[in-house]
Amino acid sequence: MTNSVLPQSAREPVTGGTEHMRDFRKALGPWLKPKIIVGGTFVLLLCFMGVFSPLISPYDPNAQNLLNTLQPPGWWAGENFLGTDHVGRDILSRIFFGARISLIIAITVVLISGVVGVALGAISGYFAGHIDFGIQKLVEVVWAFPPLLLAIAIVAFFGQSLIILIVALVVQRWIPYCRVARGQALSLRTRDFVDAARSLGASNGRIIGVHILPNLLQAALVIGTFAMASAIISEASLSFLGLGVPPEIPTWGSMLADGRTYISTSWWLALFPGLCIFFTVLGINMLGDGMRDIFDPRLKRSGTGTG
Amino acid sequence: MLNYITRRVIGTIPVIILISLLVFMLVQAAPGDPADLLLSDEATPEDIASARERWGLNQPVYVQYWKFLVAALQGDLGTSFRYADPVLLMIGDRLPATVELAVVAILIAVFIGVPLGVWAGARPNSWVDNVGSFFGFFGISMPSFWFGIMLILIVSGFLNLLPSAGRNTYGIADDPITGFYILDSLLHWNWKAVWDGISYIILPAIALGTNMLGILMRVTRSSVLEVMHDDFVRTARAKGLSEHKVLWRHAVRNALIPIITVVGLELGTLLSGSIIVETVFSWPGSGSLLIEALNSRDYPLITGTVLTYTFIFVIINLTIDILYAAIDPRIRFDK
Amino acid sequence: MKLGTRIMGAGFATAALMTAAAMVSPVDAKTRVAVGATETISSHNPHGDSISMGYGIWCQVYGCLGFFDFKTGSYKGMLAERWEIDKKDPNVWTFYLRKGLKRHNDGKELTSADVVHSFWRMKNDPQSRQTQNVKHVAKTEALDKYTVRVTTKKPTAPLLEFLFDRVMITSKDLYDKHGSKIADRKHPWGWGPYKLKKIEIGQRIVLEKDPGNRWASKSMPDELMFRVMREAEQRVTALLNKEIQIAQFIPPHLASRIAKSKNANLVPTSSVELMFLAMSPKHKPWDNATLRKAVCHAINRDAIIKAILKGQANRLDAPIGQGQYGYDPEAAKKMKVEYDVAKGKALLKKAGMVGLKVELHTPVGRYVNDKQVTESMIPMLKAIGLDARLKTPEWATLWANVQKGKVPFFYMGRGGVVDPSPAFAQYFETNGSPRIGFSNANVDRLLQKERATFDPEARKKVLNQAFAEIVKHQPACFMWRHKLLYGIAKNVSYKPTPTGRIWGYAISVK
């Protein structure tokens, strides 16, 4: 595997601070790009829908009405803005609550894989030797599975629950973090300041925590955004294959899977959740891309490709 | 160099064995008993017991695994419970369809993604760049299965332009030679069948290739962008070469390495993406075979298919690494 | 509702008429009919599958002893001309084979040795998935070249339900000479009207008419192809695009697309698959009959049929319905469980189980709108005071667990119920199968008595007593039988059968 991520060159600390405004503008400058603004807006929208779904949803997302099934979108005039599904549930409300699940899944998956990946990577690189060998073999084995394949197998075998789904999504996603963290740690462990800390009697844990981890943060952030995008798509793909969360939890993926049955007669069932997935992932990708431009133009491709 | 290759090839053997163990354990640990699933609705407990016996499911797992491993090393992945055919033969039957689909998807991605990326990279911030970047983001953000469904709905449903499912129309093709349908038809000079094959493959290949198209476009764009400022490009310009020639002869050639890398790296994603796209388009490839196998808990077939996918993936990665080492000798000392 | 189903018997009659008509027409192009099917055989071995579709396909190629004619409501012979039960010993059945039948390609005549061989192979072929069809058979002997004696283990009145159109007659000589693998692949010759032309497992099966065959008529399509198309949407699109001529199982919400089209008609048939909600008394709290009754009162079947199944289902008042063996409309009226929320609430209260957590398990995509149907049951169960939740485990897991009796509460169907005997013994007799795990001495007694009763009228009576007893204890709420919709191209005429088998006999191309 190509491990193209090189340790980040230490940045010059910004000295001074008299002209706060100018510094602020200078720091803000790179962030004011269309990519970041557009992407950020989509992501904020997702967060808003997810957090406030109980407040903004016009109906209970699980409330059925068999007398009012498959109603087309009523827009502003009708009772159901985006119409109803096959058992008469309000699609708009389900979209809002689906955003919540997408958000929960994306964040937990990224956090867990980040923590696991960075920790294992840092340990692997810092201690080297047998520990490194063992962890790298594990990485090699898990990474040898084509993306998504392992997740499909895990969910197919162990059933539907939010926890299993998250495990299935984490199972390969920690690896990019681990690779980057290991590379960083390998190079940092021989640096003078680490040696100095060691000679001053700092414990291994402290050295990793204080000197190594902070250096990984930016890389992890960029990997994280792409992992988040891919986690949302993977969740939807698994739900689409019928391997998602239990049916009482509305998710975009499962709405899409349900809606597929009605695609030619009631297109709104599958169209709206599909658009939501697309725009959310688009937003996250744009944001991630913008962040990568700012942090390190060389940080390429390390976050993509985990199905 | 040879030394490096040998070392790498030998290095993958334990990985593949570990993977086979992992897959085997996963399959065994799963709830759902193939004997229950594969026998009829009316099967008696005795029927089920005798099927378990026959399939060796009563033996301890480690015995089953050992038998599997010994047989696998001799090129025998066992016999499918459900179809009673050798697993290797079944995969061999289905794999060409998947490979054909993947190849066409890659072709679409390369022939659209690379030129778009080159144009975009040559004129950053122009309208070409904006359109290209849109395609790039569109590609990486579009869930393939949803795109596939929409393509079916619009192109085959409303417009009735292309078929929605399957791989060919019955009765047009000649006998297979290679199993690659379009290639076979070309070899037979059967143009009707060639067109038939193409008409079936277009939609799934687009659905499958869009993601790679997006990634390729973006990678090409940024490599071209970087290269355009390099010394040799400046030299070429100084020599008075036209901008067009500078771009295609020098810049693109230098951008090829990252492009090839990305194609290689994304092949794995493409392979697993094909599992879903095959389901959407009823494409008779190894991905839909895997889903069928999972659904019926056909242990040998699941293990065989997963291992085949993984094996292909490992080989692709190995090839990329070796190619890389061939290009850049420093990499050999990386590990 | 009339089961206007024509299978072979009727097929022969129309076939004769059509032959005359076809002779006038000078057109001699090959006629082809492609069927978009939901399931497929998985093996070249005619004994290697037990799906409904497979029995239909193999019976047309190899030939089977006979079949059930839905039009007359009785069994008809195919390879067997007639049969009889010994007057003294009800265990002894004699089948008389039709003489002078010619096998595909080499014209070899069908003999009793082939029949005995087929029974043997069903039992002993390691790949056989049809052992259950011969489980009541103790012994099969050839009495002479055309006579076969089948001896059962116990008197079994519904024996033909197990044997007819389920015992494929394969050739002994080919098997002895080539072994099963080669015989099935290279020499799939039989006595049916169609020759097997090509199998691409998981994709399609192509049959070609054997013109000299006694059951092959001119109007039957020269080529009959089964294409596997699991997605309903695909079947409809393919039908409207004329890629296929017969589309199996059109879900209710897609019916309008076909009804509106110029190319195809919608033809309904009532399936013989019983849909039910099972509640296993083996598991607490489902051992409480009051709870089970409360659940049955909670389900508004009419609303579900109307809203989700778009009217394409027939409510089951008794455990079986019109057209199935032993159905008695008078008896059924008495067995009907009304939708009654108040009663459901009261029963639940009486059982002391208000607020009880229950999990309804459902397959997804296995039966018509199964998930949608069960999804809509959740609020109904909540309405009587149950804290209900839907579980949609993957089919492999669900089915394995149901078969082991590990699922307390599930929605499921039992297909192929022409004669209800095997199905009810399997689901409701003690040790019939662990699926529901229901056990009741009265029901057991009645079901055993039914099997040993050879007089049809008396047997129907006993069956209905058994049904009444089952409904009294309600180990399952009987829901409905789907009206399966077929999309059929306008240039093809075909009446689908309730079992879902597709018979070339009954297809004619205009």
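Visitor: How many bridges join strand 15 to strand 16 in chain C?
Guide: This is a predicted model, where local features need pLDDT of at least 70, side-chain atom pairs count only at pLDDT 80 or more, and totals for chains, interfaces and linings use all residues. Residues are numbered from 1 along each chain as its sequence is written, with chains lettered from A and ligands numbered from 1 in the order in which they are written. Strands (E, at least two residues) and helices (H or I, at least four) are DSSP runs numbered from the N terminus, and two strands pair if DSSP finds at least two bridges between them. Strand 15 (residues 357-361) and strand 16 (residues 387-391) of chain C run parallel, and the number of bridges joining them is 5.

Visitor: Which residue of strand 16 is the bridge partner of C:His361?
Guide: Stay with that parallel pair in chain C. In strand 16, the partner of C:His361 is C:Lys391.

Visitor: What is the strand order in the open sheet of 4 strands in chain C?
Guide: Strand 4 (80-85) and strand 6 (137-144) stand at the edges with a single partner strand each, so one side of each has no neighbour in the sheet. Inside, strand 5 (residues 92-97) pairs with strand 7 (residues 147-152) over 5 bridges, in the antiparallel sense. The order is 4-5-7-6.
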